[in-house]
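Reader: Here's the model I'd like to talk through with you. Could you walk me around it, starting with how far to trust it?

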Amino acid sequence: MTPSGSKRRVKVKDTNDLITGIVLLGFAIVLVFYLVPNYINEPPILQNPMMSPRWLPAIIGWLILLFSILLILQAFILEGKTEEDERAIEKGSTRRFVLMVLSLVIYVALFEAMGAVFCGILATLVLFIAHPVRTWWVYSLAFLFPIIVALLFVEVMNVPLPIMPFGF
Amino acid sequence: MENFSEVVGIFFSLDNFLAIAVGVVIGVVVGSIPGLTATMAVALALPFTFSMQPVAAILLLVGIYKGGMYGGSITAILIRTPGSPASACTLLDGYPMAQQGHAKKALKAALYSSVIADFISNIALIFFAAYLAKIALNFGAPEFFWLICFSLTIIISLASGSMIKGLMAALLGILLSMVGLDEVFGSQRLTFGNYNLMDSISFIPLLIGLFAIPEIIEFYRKKAIPHIKAKASGAGLAFSELKRCMKSIVRGSLIGVIIGAIPGTGATAAAFISYSDARRRSPNKANFGKGEVEGVAAAEAGNNGVAGATLIPLLSLGIPGDVITAIILGAFMVHGLTPGPLMFQENLSLIYALFLGIMCSSVILLVVGNVAIKYFSLIADIPKSILFPIVLMFCVYGAYAVNNATFDVGLMLAFGVLGYIFNRTAIPAAPFLIGFILGPMFEDNLRRSLLIGSNDLSIFVRGPITWVFIVLTVGSIALALYRFISSRRDVRHATTTPPEL
């Protein structure tokens with residue numbers, strides 16, 4: 001019997017790599033054992049299994065699985081690089097971030113119904129408030145730019161956009 | 001002679017000149033704004049090119065690329081914030097010069113060396129692209145299969161950070177490129193019954209999402225920092241000073257050309273190699289890092305020498321050397337063109353019209369750059385709090401414009417979140433994008449090889465060209481392993497060595 005005090009504790013040296021490895025391992029397992037068999041149709045007759053539509057996605061799945069295990073092992077063996085510590089950011093207020101997410105939701109949810117100009121104005125105003133921009137005249141840009149950019153797409157570059165609400 | 005008149009007919013139109021000029025201006029403006037990169041600008045400009053002629057469209061993007069390469073040096077010199085990673089080397093001497101009151105001199109040195117290097121790089125492109133394409137005409141499917149393998153592995157091996165993460169990013173990119181209908185059997189692959197995915201994942205939403213949205217998310221995620229003002233002042237660059245720097249500029253340009261022609265290496269490496277070469281050879285080596293004009297010139301020459309050369313593998317082999325050339329490859333595809341050796345046979349006039357435009361872009365860069373020194377430092381003063389909402393607007397409008405579908409806007413935001421996660425977890429985005437672009441070619445050449453060889457795997461080692469690429473592929477993996485092990489050794493050394501007091 002080994003006394004509990006002499007047991008070697010395995011220490012994680014790079015938490016970031018460990019989490020990334022676990023997430024990718026989970027993804028690879030889902031890909032290989034669920035997505036590839038269920039969401040890629042295979043033709044009934046195949047002369048060579050390498051010609052199958054499933055073959056390359058399955059190989060990729062297995063390779064991701066292998067590399068994610070290596071990444072997990074690496075997290076236990078090797079220290080994180082100092083340059084990776086530089087990725088650490090000083091987080092801003094939650095309100096700022098939530099308002100940014102709100103502006104993205106506005107674009108996705110209202111773009112076709114309310115049109116590019118209205119969505120652009122609303123989302124830009126939300127982002128100006130999120131920062132917050134304290135110069136009053138800058139808010140006029142939130143009205144000006146969506147109109148200019150939308151007209152640039154539609155009139156100058158002939159790229160169609162839903163300009164006005166409800167397709168008008 | 002017939003070809004010549006055709007080239008002239010294609011190139012000499014107001015649209016093309018306007019496209020180059022607008023492209024260079026956009027590139028310099030965007031490049032001079034910290035946080036906005038040339039990659040982002042090229043990605044955002046892509047939807048605007050839908051209605052343009054192919055030559056004008058490509059020249060617009062090339063103009064942005066070249067302008068962005070130079071623009072990055074403006075803020076590097078003025079406010080010690082490189083507009084692009086490749087300009088990081090320029091600030092080593094550029095910023096000390098600005099602090100000493102020689103900002104204008106540093107900016108002029110950066111401009112002239114950029115233009116000279118760009119010109120040399122363009123000449124290399126014109127001479128070598130056609131030659132390489134001629135060799136590539138002998139390639140069959142197995143040779144292209146190994147060439148793509150080599151391109152993928154060298155991009156991974158030279159990407160910064162973990163090799164494992166680079167490999168996984170490339171694999172994820174290849175996997176996503178397979179979403180849609182299988183080209184041989186027509187069966188659905190990972191579409192989940194969604195008709196929007198049947199025609200594969202749209203390239204532009206992926207591109208914009210991956211390279212523009214993460215910057216915006218990060219800006220609103222982190223604490224707001226005060227904005228730094230920039231100012232260009234002091235005397236200009238004397239001719240004698242430019243003459244003194246000339247050797248370093250030419251050497252730096254050639255370094256840029258060689259590095260640029262190899263897929264995956266990039267401008268940052270070229271700038272630093274050129275800078276250290278100039279420092280090693282210069283009689284003023286003691287002044288390097290303290291405000292030496294030759295240092296600025298060498299860094300910018302290396303940085304810009306890459307620009308034309310990265311188009312060599314793209315035009316001659318159809319292989320993108322970096323992220324921007326990958327986007328330009330996408331632009332070719334949007335316009336129904338496939339770069340590669342066959343393009344030199346089928347669309348030679350178009351290629352030479354592009355060459356003419358690329359040469360013109362150097363001259364336009366000189367003009368725009370001179371104006372930029374005077375006025376564009378003011379653009380760097382625009383705070384990100386005003387810029388990013390407008391950038392987001394361009395992102396959304398551009399993504400929607402591809403298929404007129406909100407699905408693409410959602411897809412772009414999803415890739416934006418993925419790009420942000422990549423940034424936070426140090427997974428490089430470049431191998432992911434290159435994997436996404438080369439994925440279909442990889443699978444197509446694999447299947448064609450099997451068909452040609454009647455399912456006999458010996459087709460993959462059929463001749464000397466395949467063996468050359470096999471050796472290069474194995475060599476690039478070995479290089480990646482070596483770089484990984486040596487970087488880890490450095491980390492271990494840094495953590496075990498006690499700090500100096």
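**Confidence first**

Author: In chain B, confidence is lowest in helix α1 (residues 2–11), with a mean of 75, and highest in α19(B), at 91. Those values are pLDDT, the predictor's confidence in each residue, from 0 to 100. Helices (H or I, at least four residues) and strands (E, at least two) are DSSP runs, numbered from the N terminus. This is a predicted model, where local features need pLDDT of at least 70 and side-chain atom pairs count only at pLDDT 80 or more, while totals for chains, interfaces and linings use all residues. Residues are numbered from 1 along each chain as its sequence is written, and chains are lettered from A and ligands numbered from 1 in the order in which they are written.

Reader: What is the mean pLDDT of chain B, and what does the model score for ipTM and pTM?

Author: For chain B, 89% of the residues reach 70 or more, and the mean is 82. The model scores are ipTM 0.88 and pTM 0.78.

Reader: How many helices and strands does chain B have, and what share of its residues is buried?

Author: The secondary structure of chain B comes to 21 helices and two strands. A residue is buried if 20 or more other C-beta atoms lie within 10 Å of its own, exposed if 12 or fewer, and partly exposed in between, with C-beta atoms placed from the backbone. By that count, the buried share of the 501 residues in chain B is 60%.

Reader: Why is helix α3 of chain B largely enclosed?

Author: Helix α3(B) spans residues 38–45, and the list of its buried residues includes Met40(B), Val42(B) and Leu44(B). The rest of the structure largely encloses α3(B) because its buried residues number eight of the eight.

Reader: Which residues does Val42(B) contact, beyond its neighbours within four places in sequence?

Author: Val42(B) is among the residues that touch the most other members of the largest nonpolar core, which has 214 residues. Such a core is a set of buried Ala, Val, Leu, Ile, Met, Phe, Trp, Tyr and Cys residues joined through C-beta atoms within 7 Å. Contact likewise means C-beta atoms, placed from the backbone, within 7 Å. Leaving those sequence neighbours aside, the partners of Val42(B) are Leu61(B), Ile64(B), Tyr65(B), Ile324(B) and Ile327(B).

Reader: Which helix of chain B gives the most to the side that touches chain A?

Author: Contacts between the chains involve 52 residues of chain B and 61 of chain A. Several elements of chain B supply at least two residues each, among them α8, α10 and α21. The top contributor, with twelve residues, is α18(B).

Reader: Are α4(A) and α19(B) roughly parallel or antiparallel?

Author: Helix α4(A) (residues 94–114) packs on α19(B) at an angle of about 170°, and the axes are 9 Å apart. Axes are lines fitted to C-alpha atoms, for helices over the stretch in contact, and angles run from 0 to 180 degrees between N-to-C directions. Angles under 35 degrees count as roughly parallel, over 145 as roughly antiparallel, 65 to 115 as roughly perpendicular and the rest as oblique. The pair α4(A) and α19(B) is therefore roughly antiparallel.

Reader: Is Ala426(B) buried or exposed?

Author: Ala426(B) lies in the loop between α19 and α20 of chain B. Its phi is near 60°, a positive value in a residue other than glycine. Since Ala426(B) has 20 C-beta neighbours inside 10 Å, it counts as buried.

Note on methods. Contact = placed C-beta atoms within 7 Å.
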